[in-house]
Amino acid sequence: MISFLISLVVLIVAYFVYGKFVERVFGPDNRTTPAVSMADGVDYMVLPSWKIFMIQFLNIAGTGPIFGAIMGAKFGPSCYLWIVLGCVFAGATHDYLSGMLSLRNGGMGWPKLIGKYLGDRMQKLMLVFSVMLLILVGAVFVYSPAEILHSIGGPTLMWVLTIFAYYFIATMLPIDKIIGRIYPVFAISLLFMAVALLCVLIAKFPDLPEFWDGLGNKALTVDSSWKDTLFPCLFITVACGAISGFHATQTPLMARCMSSEHKGCPIFYGAMITEGLVALIWATVSSYFFYASPTPGYEVIDSPLTAGGFITSAPKVAYIVCNDWLGMVGGLLALLGIVAAPITSGDTALRSARLCVAEFFNIDQKPVLKRLYVSAPLFALTILLLVWQIENPDGFKVIWQYFGWFNQSMSVATLWMLSVYLAHKRKPYIITLVPAVFMTMVCSSFFMVSRQMLHLDSVPGYFLAAAFTLLLTFIYFKKAVFSRKN
């Protein structure tokens with residue numbers, strides 16, 4: 001618990017110190033924002049800052065800071081370090097700068113921002129990449145909340161159809177009609193859950209693995225059959241609580257609703273820090289579940305192992321803990337937060353996909369019919385993927401694994417784009433370059449050596465990943481730094 005409390009304090013202090021530093025690097029000013037100059041009553045409109053923060057937080061949260069943190073806790077205290085350092089120096093910086101760059105460029109979507117700073121070819125590639133990821137998010141975040149709701153009552157198919165119908169309505173309607181009204185309520189539920197669990201943790205104050213007990217792969221000491229290595233798997237597993245490329249597709253949605261650039265730090269940097277806090281809490285709850293001394297927090301659950309419920313699935317851990325710790329009413333509110341997070345990320349993912357495609361092909365999105373033209377094929381692809389996922393026993397697991405890699409790979413593209421922007425503006429590009437190099441090594445290593453990808457032997461796999469990372473770094477310095485005019 002001491003490691004958790006230290007991490008909690010560092011994360012909060014970092015917002016007021018490093019967050020303000022990153023804000024000064026960008027330099028917000030008093031220019032007119034797109035919400036005012038480009039208001040269309042559908043996607044561009046001024047919303048209250050507190051509401052934008054709540055929407056942004058819920059947009060980026062999904063199940064990542066909950067399920068990702070639960071799975072990440074199996075690696076041991078190292079997940080605390082990744083959540084804190086990743087969130088402060090990579091994730092929150094990534095979210096703030098991508099959001100502010102969109103705001104500064106008329107609410108420009110992620111693929112177009114990539115094209116502006118990395119070239120037209122990269123823009124076309126990233127358009128395909130982002131739409132694929134957003135459709136994956138839409139499919140994954142239909143099925144996972146439907147499964148949780150099924151555990152409360154009602155067939156899974158009924159919940160799938162209900163959630164999908166909501167997706168369609170929320171994607172088509174102006175942003176203030178549904179998203180602007182119900183998202184703050186869902187966000188409050190998610191925050192209530194985190195605060196309630198934090199209070200229970202402090203009251204219990206369990207004896208958990210600490211930093212000084214070792215940062216190695218804790219999972220190996222519990223389950224000898226564990227296959228995932230700490231590097232790079234931890235950094236793919238814990239995504240949304242540390243850094244997530246998906247967030248860069250969501251920040252333009254809120255950039256189109258802000259009345260001032262000076263509100264960007266609490267909205268973008270602050271929402272990511274808040275997500276990191278949620279991830280820290282769930283990582284600690286899960287550590288209690290898996291490792292609490294002298295015995296784990298729970299006995300064996302559907303497991304032949306004798307070391308507690310170590311192999312219990314992430315959704316089941318969340319469901320059990322909420323019901324056991326928070327009682328009937330508190331448990332229902334907490335589960336509402338857990339269900340609302342993926343649903344609200346799923347609908348804004350499909351909304352982002354619509355806007356990315358429309359922006360690329362210059363299709364006006366004010367007329368309802370034109371919104372429908374763009375949305376129809378996106379929903380059709382999502383339905384096909386969803387049907388395959390439901391009929392395939394391992395469908396969700398397969399989609400989730402690829403979603404994780406796609407997600408972090410998009411963060412790599414965003415960090416390199418931001419590094420180019422800062423270099424061109426003669427600003428300290430080191431703040432995004434270091435995370436860009438690290439995440440490039442993470443994603444390329446995962447692609448080379450993980451069981452889900454090429455599964456090469458570790459020596460050649462890591463060598464190829466390092467070579468690719470060095471190549472991108474060389475290209476960056478040659479084209480973005482050394483080629484600058486004096």
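Visitor: Where does Arg426 lie?
Guide: Arg426 lies in the loop between α16 (395-424) and α17. Helices here are DSSP runs (H or I) of at least four residues, strands are DSSP runs (E) of at least two, and both are numbered from the N terminus. This is a predicted model, in which local features need pLDDT of at least 70 and side-chain atom pairs count only at pLDDT 80 or more, while totals for chains, interfaces and linings use all residues. Residues are numbered from 1 along each chain as its sequence is written, and side-chain values use heavy atoms, with hydrogens and water left out.

Visitor: What is the phi of Arg426?
Guide: Its phi is positive, about 55 degrees, although Arg426 is not a glycine. At 47% relative accessibility, Arg426 counts as partly exposed. Buried means under 20% relative accessible area, exposed means over 50%, and partly exposed is in between, with a 1.4 Å probe and protein chains only.

Visitor: And what about the phi of His455?
Guide: His455, also not a glycine, has a positive phi of about 60 degrees. His455 is found in the loop between α17 and α18, and with 49% relative accessibility it counts as partly exposed.

Visitor: How do the axes of α17 and α18 cross?
Guide: Two packed helices are described by the angle between their axes and the distance between the axes. For helix α17 (residues 430-449) and α18, the axes come within 8 Å and cross at roughly 145 degrees. Such axes are lines fitted to C-alpha atoms, for helices over the stretch in contact, and angles run from 0 to 180 degrees between N-to-C directions. The crossing of α17 past α18 is right-handed; a crossing is right-handed if the near helix is turned clockwise from the far one by less than a right angle, and left-handed if anticlockwise.

Visitor: Which residues of α17 and α18 meet?
Guide: On the α17 side they include Val437, Thr440, Met441 and Ser444, and on the α18 side they include Ala465, Thr469, Leu472 and Phe477. By class, this contact of α17 with α18 has 13 nonpolar, 7 polar and no charged residues. Ala, Val, Leu, Ile, Met, Phe, Trp, Tyr, Cys and Pro count as nonpolar, Asp, Glu, Lys and Arg as charged, and the others, Gly among them, as polar.

Visitor: Is Thr469 buried or exposed?
Guide: Thr469 is buried, with a relative accessible area of 5%. It lies in helix α18 (residues 458-481). Not counting residues up to four places away in sequence, Thr469 touches Val437, Thr440, Met441 and Ser444, where contact means heavy atoms within 4.5 Å.

Visitor: What does its side chain reach?
Guide: The side chain of Thr469 reaches the backbone oxygen of Ala465 at 2.9 Å. A polar contact is a pair of N or O atoms within 3.5 Å; within protein, one must be able to donate a hydrogen and the other to accept it, and residues adjacent in sequence count only if both atoms are side-chain atoms.

Visitor: Switching to Ser7, what does that side chain reach?
Guide: The side chain of Ser7 reaches the backbone oxygen of Ser3 at 2.8 Å. Ser7 lies in helix α1 (residues 2-26) and is buried, with a relative accessible area of 3%. Leaving aside neighbours within four places in sequence, Ser7 is in contact with Tyr80, Val84, Phe211 and Leu280.

Visitor: How far apart are Trp82 and Phe235?
Guide: Trp82 and Phe235 are 153 residues apart in sequence and 7.4 Å apart in space, C-alpha to C-alpha. Trp82 lies in helix α5 (residues 78-104) and counts as buried at 8% relative accessibility.

Visitor: Which peptide bond is cis?
Guide: The bond from Phe231 to Pro232 is cis, with omega near 10 degrees. Pro232 is found in helix α11 (residues 230-237).

Visitor: Why is α12 largely enclosed?
Guide: Helix α12 (residues 246-255) has 10 of its 10 residues buried, so it is largely enclosed by the rest of the structure.

Visitor: How many disulfides does the structure hold?
Guide: The structure holds 0 disulfides, a disulfide being a pair of cysteine sulfur atoms within 2.5 Å. Cys79 is buried, with a relative accessible area of 1%, and Cys265 is buried at 0%.

Visitor: And how many helices and strands are there?
Guide: The protein chain has 18 helices and 0 strands. Buried residues make up 61% of its 486 residues.
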